[in-house]
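Biologist: Hello! I would like to understand the terms behind this model before I use them. Could you take me through them?

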Amino acid sequence: MENLTTQPFLTPYKLGKFNLSHRVVLAPLTRQRSYNNVPQPHAILYYSQRTSRGGFMITEATGVSDTAQGYADTPGIWTKEQVEAWKPIVDAVHAKGGIIFCQIWHVGRVSNKDFQPNGQAPISSTDKPLKPQIRSSGVDVAEFSPPRRLRTDEIPQIVNDFRIAARNAIEAGFDGVEIHGAHGYLIDQFLKDQVNDRTDQYGGSLENRCRFALEIVEAVVNEIGAGKVGIRLSPYADFMESGDSNPKALGLYMVDALNKYGILYCHMVEPRMKMGGEVRECPHSLLPMKKAFNGTFIAAGGYGRDDGNNAVAENRTDLVAYGRLFLANPDLPKRFELGGPLNKYNRNTFYTSDPVIGYTDYPFLEANGNV
């Protein structure tokens with residue numbers, strides 16, 4: 001076994017009241033296996049496989065209401081049935097000594113009327129439609145219905161949906177929640193000036209565009225406590241036609257505002273992940289946001305073993321979130337520790353509905369006879 005001093009991201013870390021044994025985080029990963037928006041028993045195995053004692057994990061994006069959906073078979077946490085279905089999943093993670101937060105989500109305009117109650121238009125900060133997008137599979141195309149701009153007087157109801165979702169997450173046993181404010185979904189549709197064309201108090205200035213996100217943070221903090229709240233942001237990303245003319249200013253404004261609420265962590269996506277899932281070199285950095293934020297900082301975006309270690313060693317982040325590598329390697333922290341080989345991920349099975357293939361059938365290191 002390698003000397004752990006050479007692997008800073010395998011050292012312990014205190015995340016608020018949670019004692020982490022390492023800094024390798026399971027990123028939130030949409031898997032589309034929650035039939036009819038209800039988490040399924042096969043998710044018990046999926047999450048428990050990826051649990052290590054003292055490991056921190058974030059669930060796949062989980063809808064806060066019946067208007068929050070934009071993809072088939074993504075989970076929700078707005079009904080009693082959904083809350084009950086999450087309980088054994090959370091229990092399995094806790095039984096293995098893991099810490100798990102629920103990522104709460106509203107897709108906004110990244111939807112179509114087929115996913116919406118009564119076939120209504122998706123809601124957004126704007127009525128600007130999204131162009132069709134080729135899905136990650138590269139095979140089919142996602143079509144989006146023209147959205148309906150939320151009226152000013154409707155916005156408190158959406159904020160309340162996030163508050164209730166947070167309360168439901170705690171009832172389901174989760175250790176906390178991560179507010180999904182990234183990747184072109186509803187909160188990001190308010191944050192980014194490429195999308196937000198409002199003229200009320202939720203549009204125009206940086207302060208106004210950030211108001212919706214911060215109202216959600218405040219409501220969730222008041223409901224469950226700041227020590228159980230994180231947020232994910234992607235100021236530099238252009239996902240779903242959601243870019244911003246000054247992403248650094250946006251990121252710094254949000255971090256400064258978040259400090260006032262004392263939330264547990266800020267989870268940011270690296271600028272190099274500007275578009276789809278591929279990493280590309282870029283001159284921008286999350287370091288100014290890391291330095292300005294008072295809580296724990298989590299970085300995500302195309303990290304491997306070596307650059308994850310370097311990011312922690314150089315104090316560019318506290319924790320590193322891994323997506324595709326963790327999806328394909330349920331024992332990823334152990335493989336990093338032992339310098340073991342990594343399973344290759346199969347992109348074609350990321351979003352299929354099969355309860356086993358591409359989901360719980362990736363082998364552990366021991367199964368390969370390498371330990």
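Modeller: Gladly, and let us begin with a definition: a salt bridge is a side-chain nitrogen of Lys or Arg within 4 Å of a carboxyl oxygen of Asp or Glu. A search of the whole structure finds 18 salt bridges. Please keep in mind that this is a predicted model.

Biologist: What makes Glu154 and Arg148 a salt bridge?

Modeller: The closest N and O atoms of Glu154 and Arg148 are 2.9 Å apart. The cut-off is within 4 Å, so the pair counts as a salt bridge.

Biologist: What makes Asp331 and Arg335 a salt bridge?

Modeller: The closest N and O atoms of Asp331 and Arg335 are 2.7 Å apart; the requirement is within 4 Å, so they qualify. Both Asp331 and Arg335 are buried. Salt bridges that share partners also join Lys80, Glu84, Lys87 and Glu171 into one network.

Biologist: Why does Arg23 have no salt bridge?

Modeller: For Arg23, the nearest side chain of opposite charge is Asp318, 5.0 Å away. A salt bridge needs a distance within 4 Å, so Arg23 has none, although Arg23 is buried. Arg23 is found in the loop between β2 (18–20) and β3 (24–26).

Biologist: What does Arg23 contact, leaving aside neighbours within four places in sequence?

Modeller: Its contacts include Pro8, Phe9, Tyr13, Val312, Asp318 and Leu319. Contact means heavy atoms within 4.5 Å.

Biologist: Why is Arg163 called partly exposed?

Modeller: Arg163 has 22% relative accessibility. Buried would be under 20% and exposed over 50%, so Arg163 counts as partly exposed. Arg163 lies in helix α3 (residues 155–171). Not counting residues up to four places away in sequence, Arg163 touches Ala219, Val220 and Glu223. Arg163 and Ile104 are 59 residues apart in sequence and 9.7 Å apart in space, C-alpha to C-alpha.

Biologist: Now for the whole protein. How many helices and strands does the protein have, and what makes it as compact as a globular protein of that length?

Modeller: The protein has ten helices and 15 strands. The radius of gyration is 19 Å, close to the 21 Å that the globule rule gives for 371 residues, so the protein is as compact as a globular protein of that length. Along its principal axes, the C-alpha trace spans about 60 × 40 × 40 Å.

Biologist: What share of the residues counts as buried, and what share of contacts joins residues at least 24 apart?

Modeller: Of the 371 residues, 58% count as buried. Among contacts between residues at least 6 apart in sequence, 73% join residues at least 24 apart.

Notes
Residues are numbered from 1 along each chain as its sequence is written. This is a predicted model: local features need pLDDT of at least 70, side-chain atom pairs count only at pLDDT 80 or more; totals for chains, interfaces and linings use all residues. Side-chain values use heavy atoms; hydrogens and water are left out. Helices (H or I, at least four residues) and strands (E, at least two) are DSSP runs, numbered from the N terminus. The radius of gyration is taken over C-alpha atoms; the globule rule is 2.2 Å times the number of residues to the power 0.38. Buried means under 20% relative accessible area, exposed over 50%, partly exposed in between (1.4 Å probe, protein chains only). Lys and Arg count as positive and Asp and Glu as negative; His and the chain ends are not counted.
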